[in-house]
Amino acid sequence: MYHAPYDSQFSLVCMDESNKQLVGEVHAPLPLAPGSSQIIDHENVRDGVADIFLEVEPLHGRCHAEITEQRTRKDWTMFVKGVLDECYPQAKKVRLVMDNLNTHSAASHYEAFEPEEVRRLARRLEIHYTPKHGSWLNVAEIELSALSGQCLNRRIPAIELMRKEVVSWATGSEQPKCHHRLALHNRGCPHQTETPLSEITSDTRYKVTDSQSFWSRSSVQTVFLDRDGVLNEKMPEGSFVSDWVHFHILPGVVEAIGRLNRAGLRVIVVSNQRGIALGLYSTSDVEIIHRNFQAVLRAQGAHVDGFYYCPHEKHQCNCRKPLSGLFERAVIEFPEITARNSVMIGDSLSDIEFGQRLGMLTVFVDGDPTRQKPGIEAAQKLANLHFRSLFEAVDHLTV
Ligand SMILES: [Mg+2]
Ligand SMILES: [Zn+2]
């Protein structure tokens with residue numbers, strides 16, 4: 001369903017719900033001191049739970065959330081009525097993707113409305129339940145995890161404050177929030193122009209046509225990822241990511257890795273780090289970057305299963321991509337890995353050659369066009385699939 005082109009008459013909307021305990025401070029937190037985080041007293045006041053209803057339109061990137069005191073059938077119905085009448089009044093039908101909870105059914109409308117109104121709402125609603133154990137297929141769940149990581153990761157004492165914070169997060173009046181939405185916005189922000197969506201889905205530059213059965217056809221179990229240019233911003237040619245300060249995670253990467261994790265795929269990072277041989281940074285600098293990146297991922301429910309890198313100069317070893325040494329090191333640690341059940345995702349020719357020589361499926365992602373190495377055209381041709389970013393690749397391949 002996510003592959004259907006955008007249609008404002010039949011809006012595809014995902015909804016999910018969550019809750020958060022309202023917690024206030026007994027003692028005011030101590031101010032920040034340099035080098036340490038805010039000191040918060042363990043003593044706190046619990047003041048009930050607030051429920052969060054969230055809906056997102058994946059193809060449009062718009063998102064809307066409401067905070068309620070409960071999550072009864074009536075609360076769900078009122079939220080859905082708002083979605084139909086206030087968010088999508090122009091749509092003939094709203095296709096609503098959500099989990100199969102007992103409150104999530106058209107029968108709940110009877111708790112709040114007269115039969116005539118119930119029939120009107122039911123006519124405008126087409127419900128699609130996510131399969132059991134497949135709730136991650138619901139894009140709203142990803143939004144909720146971004147919301148909790150970016151907006152609700154602190155004590156919020158009162159429901160009014162929470163309402164204010166969440167609404168401002170969802171309407172996007174402030175800074176970019178969920179990388180997932182950021183990536184959608186990058187394809188053409190729908191808040192600035194009303195018509196880029198058809199262009200998005202019909203972009204023929206990208207070989208996405210045969211991607212739908214990509215994972216299943218190849219029974220993919222392991223995803224190998226290049227690092228610089230795929231996970232984090234590449235430095236200009238001749239410069240290297242020498243420390244954590246220069247490791248800028250690209251939009252959508254955390255969500256993409258989380259999705260791969262939830263799809264049960266092993267995620268392995270393989271990276272050429274010739275800067276070590278050049279004396280620009282040390283192996284421990286690289287280890288620190290990987291440890292910090294892993295911590296960022298873990299904080300948002302994602303993780304990388306293994307990091308492998310080549311510290312050598314060109315032509316000095318068997319582990320600098322496109323040679324296969326990093327793959328072999330991964331297999332020592334994970335003997336279940338086979339190339340036939342693996343995909344390599346990278347932004348340079350050496351990545352695609354690495355995957356192809358081993359017999360993996362290969363996915364090319366565009367890095368920053370101003371920072372690409374020679375051989376890009378060859379890499380694009382050689383790769384089985386081509387996307388603009390890791391997020392887009394995972395977005396197309398895992399749904
Ligand atoms: Mg790269
Ligand atoms: Zn090496």
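## A right-handed unit around β9

A crossover counts as right-handed if, with the strands pointing away from the viewer, the path from the first strand over the helix to the second runs clockwise. In this predicted model, β9, helix α12 (residues 349-358) and β10 form such a right-handed β-α-β unit. Helices (H or I, at least four residues) and strands (E, at least two) are DSSP runs, numbered from the N terminus.

Local features here need pLDDT of at least 70, side-chain atom pairs count only at pLDDT 80 or more, and totals for chains, interfaces and linings use all residues. Residues are numbered from 1 along each chain as its sequence is written.

## Neighbours of β9

Let's look at the pairing, which requires at least two DSSP bridges between two strands. Strand β6 (residues 222-225) runs parallel to β9, joined by four bridges, and Thr 222 sits opposite Ser 342. Four bridges also link β9 to β10 (residues 361-365), again in parallel, with Val 343 opposite Leu 361.

## Two covered faces

In a regular strand the side chains alternate between the two faces of the sheet. From β9, Ser 342, Met 344 and Gly 346 point one way, while Val 343 and Ile 345 point the other. Five of the five residues in β9 (residues 342-346) are buried, meaning 20 or more other C-beta atoms within 10 Å of a residue's own, with C-beta atoms placed from the backbone.

## Into the core

A nonpolar core is a set of buried Ala, Val, Leu, Ile, Met, Phe, Trp, Tyr and Cys residues joined through C-beta atoms within 7 Å. The largest has 50 residues, and Val 343, Ile 345, Val 363 and Leu 390 have the most contacts inside it. A second, separate core of 30 residues includes Cys 14, Val 56, Ala 140 and Cys 151.

Conventions:
Chains lettered and ligands numbered in written order. Buried ≥ 20, exposed ≤ 12 C-beta atoms within 10 Å, placed from the backbone.
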